[in-house]
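Colleague: I have some labels to check on this model. Can we go through them one by one?

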Amino acid sequence: MIKKVLIANRGEIARRIIRTCKQLGIQTVAVYSDADQNALFKKDADEAYHIGPSQVQQSYLQLDSIIEVAKQTNADAIHPGYGFLSESPAFAERCREENIIFIGPEADILRLMGSKIEARKAMIEAGVPVIPGTDRAVGSAEEAVRFAEEIGYPVMLKASAGGGGIGMEIVHSADGLKKAFENNSKRAASFFGDGAMFLEKHIQNSRHIEVQILADQHNHTIHLFERECSIQRRNQKVLEEAPSPSISEQLREQLGRTAVIAAEAIHYSNAGTIEFLVDESGKFYFLEMNTRIQVEHPVTEEITGVDIVKEQINIANNQVLSFKQEEIAIKGHAIEVRIYAEDPIRFFPSPGKITALELPEGKDVRNECAVTSGDTVTPFYDPMIAKLIVYGENRSEAIDKLEEALRQFNIEGIKTNILMLQEIITYEAFLKGNTQTSFLSKYYQPNSGGK
C-alpha cells in the first residue's frame with residue numbers, strides 16, 4: 001500500500017493532491033524550484049526538497065532530480081498532477097525501473113495517446129467517430145495545402161505532440177496554411193521536441209464536451225459524466241461546468257458509453273478524460289485523450305461526490321473500483337472558472353507582487369488557490385493562480401453563486417481576468433447555455449457590460 005507520495009508538480013494542483021493524501025493518512029513530499037521557495041504547496045507538504053532553478057527545464061522537467069528525491073525520501077509513489085511530466089512515457093518508465101508507483105497509466109498508453117495521429121488511428125480501430133483529417137504526419141506545407149483542398153477550408157492545423165493550444169491554428173486559405181505550417185511546426189519542435197503536424201476539418205460552431213473516466217487494473221471502466229468546456233481563449237479553457245447545459249440525455253448517454261469504449265479499447269487504467277467536439281446537429285467526434293487528471297476535475301467531483309485524486313491513488317494501489325456505473329448519478333450543477341494573472345484584454349501574463357488577496361467564502365464555494373497576499377507571481381510558469389468552483393442545486397443557482405463569489409474575489413497588485421469572467425456570465429448566450437468554442441471571439445468585448 002502507498003504510504004508516501006512525491007508530488008512532481010507545483011501550485012494549486014500540488015496543494016489539491018496533498019489535501020487528499022492527508023485525508024488518507026499518506027505522507028507527502030514536495031519538490032520546488034528557486035521561484036517557489038515560499039510557495040504554499042511547499043509548506044503544505046510533510047517534506048519539501050529543492051530541485052533547481054526557476055526555469056522549468058532545470059527543475060520541474062528534471063526527471064533525474066525528481067526520481068532522486070523520491071528515492072532519498074523512500075516515496076512509494078509519484079503523482080505527476082497535470083502538465084510538466086504528467087504525460088511523459090520516459091518518466092513513467094523510469095518510475096517503474098526504480099520500483100516507484102507512477103500514479104497514472106502505463107508508459108505505452110502515454111506514448112500512444114500522446115501522439116494525436118496514433119490516437120486517431122486507435123480510435124478509428126475502436127469504432128469511435130473521429131474528425132475527418134490526415135491519418136499520418138503531413139510532411140510539408142505544400143502537402144498540407146493539397147489535403148486541405150480535398151476536405152475544404154477551414155481546417156485545423158495541429159501538432160501531433162501538442163497540448164495546451166500550442167501548435168494549433170484555424171486556417172482559412174492556402175496562403176494562410178503555408179505560413180501557419182512553418183510557424184507551428186517550429187513552435188511544436190521547440191516545445192515538444194516533435195514538429196510533426198497533421199490536419200483536421202475545422203468543425204465550426206462546435207462545442208467542446210469531455211467525459212471523465214476511471215479505470216482500475218481489473219478491467220473495470222466507468223465514466224463520471226461530462227463537462228462543458230467550450231469557453232476558451234487561444235484554445236485554452238477559461239470556464240467549465242458539469243453537467244453540460246447544451247446536450248440531451250440521449251447524447252449524454254452516448255458520449256459516456258463511447259468514452260468507456262475508447263478507454264477499454266486501449267486497456268486504459270487510472271483517471272483520464274476523453275474529449276469530444278459536438279457539432280450543431282449533435283454529431284460528436286473524438287478530439288483527444290488526456291491521460292492525467294484535468295484542471296477542471298473539481299466540477300465533476302462536486303456533482304458526483306467522487307474524490308478523483310483518491311480514486312487515482314486507490315487504482316495505483318491495485319484496488320478494484322468501489323462503485324459501479326449505475327451507482328453514479330448527477331446531482332446539482334457545478335461551475336469552475338480559472339483565475340489567471342493576465343491582462344483581460346490582450347490575455348498577456350501579468351507577473352508581479354500580490355499586495356492583497358481576499359478569497360470568496362460561503363456555502364458551496366470551493367477555492368483551489370496557489371498564492372496568498374505577499375506572494376510574487378513569476379513569469380516562469382502558467383499564469384493560472386487559482387480556480388474558483390461553485391455548486392448549486394441547479395444551473396441558475398450555481399450562476400448566482402458564481403456571480404456573488406466573483407464579486408467577493410479581490411486580488412491587488414497584479415492584473416487578473418476576474419472582470420472578464422464577471423462579464424462573461426452576464427451574456428444571454430451563456431445564461432441560455434449556448435456556449436461554443438468561438439464564444440469569446442464572438443461575444444466578448446472588454447468592458448461592454450454584458451450582452
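Modeller: Start with the largest cavity. Its lining is His79, Pro80, Gly81, Ser86, Ile103, Gly104, Pro105, Asn270, Thr291, Arg292, Ile293 and Gln312. This is a predicted model, where local features need pLDDT of at least 70, side-chain atom pairs count only at pLDDT 80 or more, and totals for chains, interfaces and linings use all residues. Residues are numbered from 1 along each chain as its sequence is written, and side-chain values use heavy atoms, without hydrogens and water.

Colleague: What makes a space a cavity, and what makes a residue part of its lining?

Modeller: On a 1 Å grid over the protein atoms alone, a cavity is a set of points where a 1.4 Å probe fits but cannot get out. A pocket is an open set with protein on both sides within 12 Å along at least five of seven lines. Lining residues have an atom within 4 Å of a point. One cavity of 30 Å³ or more is counted by this rule.

Colleague: How does the lining of the largest cavity divide by class?

Modeller: Into four nonpolar, seven polar and one charged. Nonpolar covers Ala, Val, Leu, Ile, Met, Phe, Trp, Tyr, Cys and Pro; charged covers Asp, Glu, Lys and Arg; the others, Gly among them, are polar.

Colleague: What lines the second largest pocket?

Modeller: There are 17 lining residues, with Arg96, Ile101, Phe102, Gly104 and Glu106 nearest the centre. The space is about 380 Å³. By class, the lining has eight nonpolar, five polar and four charged residues. Helix α4 gives the largest share, three residues.

Colleague: Why is α5 called roughly perpendicular to α6?

Modeller: Helices here are DSSP runs of H or I with at least four residues, strands are runs of E with at least two, and both are numbered from the N terminus. The axes of α5 (107-114) and α6 (116-126) come within 5 Å and cross at roughly 100 degrees. Axes are lines fitted to C-alpha atoms, for helices over the stretch in contact, and angles run from 0 to 180 degrees between N-to-C directions. Under 35 degrees is roughly parallel, over 145 roughly antiparallel, 65 to 115 roughly perpendicular, the rest oblique. So α5 is roughly perpendicular to α6.

Colleague: How do you know that β9 and β12 pair?

Modeller: Pairing needs at least two DSSP bridges between two strands. Strands β9 (207-215) and β12 (270-278) have nine, in the antiparallel sense.

Technical notes. Grid points are joined across faces, edges and corners, and a volume is the space filled by probe spheres set on the points.
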